[in-house]
Amino acid sequence: MSDGAPLLSTRGLTKRFGGRAACRDVSFDLWPGEVLGIVGESGSGKTTLLNCLAGRLEPDEGSVTYETASMGTVDVHGLSEARRRLLARTEWGFVNQDARDGLRMGVSAGANIGERLMAIGGRHYGNIRRDASDWMTRVELDLGRLDDRPTTFSGGMRQRLQIARNLVSNPRLVFMDEPTGGLDVSVQARILDLLRGLVDRFHLSAVLVTHDLGVARLLTHRLMVMQGGTVVEHGLTDQVLDDPQHAYTQMLVASILPV
Amino acid sequence: MPDTHDTSSSDSAYNYAYLDEQTKRMIRRAILKAVAVPGYQVPFGGREMPLPYGWGTGGIQVTAAIIGRDDTLKVIDQGADDTTNAVSIRRFFAKVADVATTTRTEEATVIQTRHRVPETPLKEGQILVFQVPIPEPLRMLEPRETETRTLHALTEYGGMQVSLYESIARHGRISKAYNYPVLVNGRYMMSPSPIPKFDNPKLDNNAALQLYGAGREKRIYAVPPYTPVKSLDFDDHPFEIETWSECCALCGSKESFLDEMIVDDDGKRLFVCSDTDYCQERQQADKP
């Protein structure tokens, strides 16, 4: 899977809130085309880690480096804010658990998808609208809803819209924070299906935070298990889930409700 | 600091031009900075003025800071010289600053305005002072001041384009008719105050100095003479100004901004120039 350098790489990442470490000494490499899952219970530091990786939180120790498409390898937290924000809206995507945090609720679906295009200089209404329509279709949203506001969308539709809005700029790396949390099971399954297809088709790399081992099993290649801010187990997804080594992982796997 | 002005002829209960000299210096410093960085909003310590917020407290402070005895002042409100607000501000400065006042655009050296740019082209040496209610063009997109400042600092103006996109998607055209956002000198997004978009082209490369004062929000910004001011648009939906099928009922102008007036109870209506000075000049020129 590797071709040369890792896409995203972190060493000794630590973030404290007051005296409490939300994540401690996390190191890993993410290779191009790979989907890395981060699982663990609520409060184990998954989201904090994701925010540090995506440059949204400044870590107290450690580094995050990213292999850009044009500028070579950069230190994410050493970049100027302007460069980091540019990176975040061109080469990266960020899918929030609550679609309301990632969408502009006051403007239409088309405007939501087109926002990144306009932010990087798109000034042709017809082209922006065409790209927005393309992406509506790709995420299986009804084209007739292009001019409707996300406030009129269901939870699943909002999540699809958020995915489209992030992928419109052809990012190479997508951060996802519980993308299917809070959705009912049938909607979850279809969103997962969609995500799997998109990751495949556009050769995306992704860091996916979830507490749902089923989601992790379906989407991720590699899995990191976190407990109390530290990584307790790390390996290929199937290996970790089928043959858990750490006591906590064994407990986690054993807690999956049988149907 | 001693007051260098002779206050004998004006109302001596107040300092010359109402504000104290330290305040005027502070406002002048803000103006100089604003002129140096076209379109950038400079904070200043706004003072209480003897009129309510929203009536032109920002404009009146800017005018007070720049006016001198040799100046000739014109004040317009919605293009008219004879509305309450224009009359009171003009009288105020005639009293506290001892300046000559006029209604003629050509004769004025300082023009304080609300909602219009005069139709008569401005000349070098003239100063146009705008009264601004909401100086932040991005305010409706982003309520946090810290965030809007960051957006300005990083030139991230995609959000404004999104609002124009939304307008076309909903109405088939850019429906914003006043306070139409502009990019000044290719750098700062600026709110041109609630002038009709009809006046936006007049801001571009104007020979006069444009000063904008927002009293409630305590911001001053400026467009120096001959500075490019571009109205935002899309390549396939270019910026357009309003047009009328009628001409002015009084002076016959087809080029000026027209107000629609209802003249009786039967709904009879006519169009007249919003710029009263321009309209009167034309009417007088027509007389033999």
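**Chain A, domain by domain**

Start by colouring the two domains of chain A: the C-alpha centres of domain 1 of chain A and domain 2 of chain A lie 25 Å apart. Keep in mind that this is a predicted model. For the selections, the domain assignment gives domain 1 as 1–91 + 172–259 and domain 2 as 102–170.

Next, look at where they touch. Here 11 residues of domain 1 of chain A are in contact with 12 residues of domain 2 of chain A. On the domain 1 side, the elements giving two or more residues are α2 (81–90) and α7 (185–201) of chain A. Which of them gives the most to that side? Select α7(A): it gives the most, with four residues. By class, the domain 1 side has eight nonpolar residues, two polar and one charged.

Staying in chain A, pick residues 46–53, helix α1(A). Seven of its eight residues are buried, so this helix is largely enclosed by the rest of the structure. Show K46(A), T48(A), L49(A), L50(A), N51(A), C52(A) and L53(A) to see the buried ones. After α1(A) comes G55(A), with a positive phi near 80°.

**Over to chain B**

Now bring up the contact between the chains: 14 residues of chain B are in contact with 17 residues of chain A. The chain B side has six nonpolar, three polar and five charged residues.

Finally, select helices α1 (residues 21–36) and α2 (residues 57–66) of chain B. Their axes come within 9 Å and cross at roughly 100°, so α1(B) is roughly perpendicular to α2(B). Show K24(B), I27(B), R28(B) and I31(B) from α1(B), with Q61(B), V62(B), A64(B) and A65(B) from α2(B), to see the contact.

Terms used: Residues are numbered from 1 along each chain as its sequence is written. Chains are lettered from A and ligands numbered from 1 in the order in which they are written. This is a predicted model: local features need pLDDT of at least 70, side-chain atom pairs count only at pLDDT 80 or more; totals for chains, interfaces and linings use all residues. Axes are lines fitted to C-alpha atoms, for helices over the stretch in contact, and angles run from 0 to 180 degrees between N-to-C directions. Angles under 35 degrees count as roughly parallel, over 145 as roughly antiparallel, 65 to 115 as roughly perpendicular and the rest as oblique. Two residues are in contact if their C-beta atoms, placed from the backbone, lie within 7 Å. Ala, Val, Leu, Ile, Met, Phe, Trp, Tyr, Cys and Pro count as nonpolar, Asp, Glu, Lys and Arg as charged, and the others, Gly among them, as polar. A residue is buried if 20 or more other C-beta atoms lie within 10 Å of its own, exposed if 12 or fewer, and partly exposed in between; C-beta atoms are placed from the backbone. Domain bounds come from an automatic or database domain assignment.
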